[in-house]
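Welcome! Take a moment to look over the sequence and the model, and then let us walk through a few of the features together.

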Amino acid sequence: MKDEEGFWGLVEAAWAPLKVDVNQARRELAQRTPAPDEDPYGKPPFAVVEAALKEFLSNLGSISEGLSADELTDLDRVVEAKLHDIDRADIHAVTDGSDDGFLYARGFIVALGRDFYAAVAKDPKKAVLDAECEEMCYFFAHLHRERHGAFPDTGSKISRESFSNPAGWPG
């Protein structure tokens, strides 16, 4: 499972068994046109999605159970690249956050799936202030460590950490 398609397929498979309203809320977040100074935190559709994150992560862990060390490394590499790609000043301006807070905000963006990720990458105003999913940032790295005794070496030479993407922070 080396490709991005496989990663997004797993993410969607983990969301699929959740209630219809949860998946509808994810679509609404991706498709909405945020009003200036909109704060969706604590309100539908954000609240619906936030309440389902633990179950989503549990599902993701279950469907990843039989994956090999190489497959987990490949998935971690995709997460790392996705987090790195949206490590941008224009997205940070919407989500805010310290180093860790911005990383966790980007974890939320990745966790919500390809549609939300693409929507935010195209229009950062679709991101949500104070939305976080810390677990997603190193999800497959932690599974790799639990099952194989060490964190994977992605070999990518990029960092998922905040403020590390030079293209996202023009000077």
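A residue counts as buried when its relative accessible area is under 20%, and as exposed when that value is over 50%. Keep in mind that this is a predicted model.

**Buried and exposed residues**

F7 has a relative accessibility of 0%, so F7 counts as buried.

| Residue | Relative accessible area | Class |
|---|---|---|
| F7 | 0% | buried |
| F140 | 0% | buried |
| R26 | 9% | buried |
| A51 | 67% | exposed |

**An aromatic pair and its cluster**

How many aromatic pairs does the structure hold? There are 10 of them. One of these is formed by F7 and F140, with 6.3 Å from centre to centre and 75 degrees between the planes. Planes over 60 degrees apart count as edge-to-face, and that is the class of the F7 and F140 pair. The two partners come from distant parts of the chain: F7 belongs to helix α1, while F140 belongs to helix α9 (residues 139–148), and 133 residues separate them. Both rings also take part in an aromatic cluster, together with W8, Y117 and F139.

**Where two helices meet**

Helix α1 (residues 4–15) also meets helix α3 (residues 46–63): their axes come within 8 Å and cross at roughly 120 degrees. Because of that angle, α1 is oblique to α3. The crossing of α1 past α3 is right-handed. On the α1 side, the contact is made by L10, V11, A13, A14 and W15. On the α3 side, V49, A52, L53, F56, N59, L60 and I63 contribute. Sorted by class, this contact has 11 nonpolar residues and one polar residue, with no charged residues.

Now for two residues from the table. R26 sits in helix α2 (residues 20–31), and its relative accessible area of 9% makes R26 buried. Which residues does R26 touch, leaving aside those up to four places away in sequence? They are E12, W15, V49, L112 and G113.

A51 is part of helix α3, and at 67% relative accessible area A51 is exposed. How far apart are A51 and H144 in space, C-alpha to C-alpha? The distance is 26 Å, and 93 residues separate A51 and H144 in sequence.

Notes. Residues are numbered from 1 along each chain as its sequence is written. This is a predicted model: local features need pLDDT of at least 70, side-chain atom pairs count only at pLDDT 80 or more; totals for chains, interfaces and linings use all residues. Side-chain values use heavy atoms; hydrogens and water are left out. Axes are lines fitted to C-alpha atoms, for helices over the stretch in contact, and angles run from 0 to 180 degrees between N-to-C directions. Helices (H or I, at least four residues) and strands (E, at least two) are DSSP runs, numbered from the N terminus. Angles under 35 degrees count as roughly parallel, over 145 as roughly antiparallel, 65 to 115 as roughly perpendicular and the rest as oblique. A crossing is left-handed if the near helix is turned anticlockwise from the far one by less than a right angle, and right-handed if clockwise. Contact means heavy atoms within 4.5 Å. Ala, Val, Leu, Ile, Met, Phe, Trp, Tyr, Cys and Pro count as nonpolar, Asp, Glu, Lys and Arg as charged, and the others, Gly among them, as polar. Rings of Phe, Tyr and Trp (its six-membered ring) pair if their centres lie within 6.5 Å; planes under 30 degrees apart count as stacked, over 60 as edge-to-face and the rest as tilted. Buried means under 20% relative accessible area, exposed over 50%, partly exposed in between (1.4 Å probe, protein chains only).
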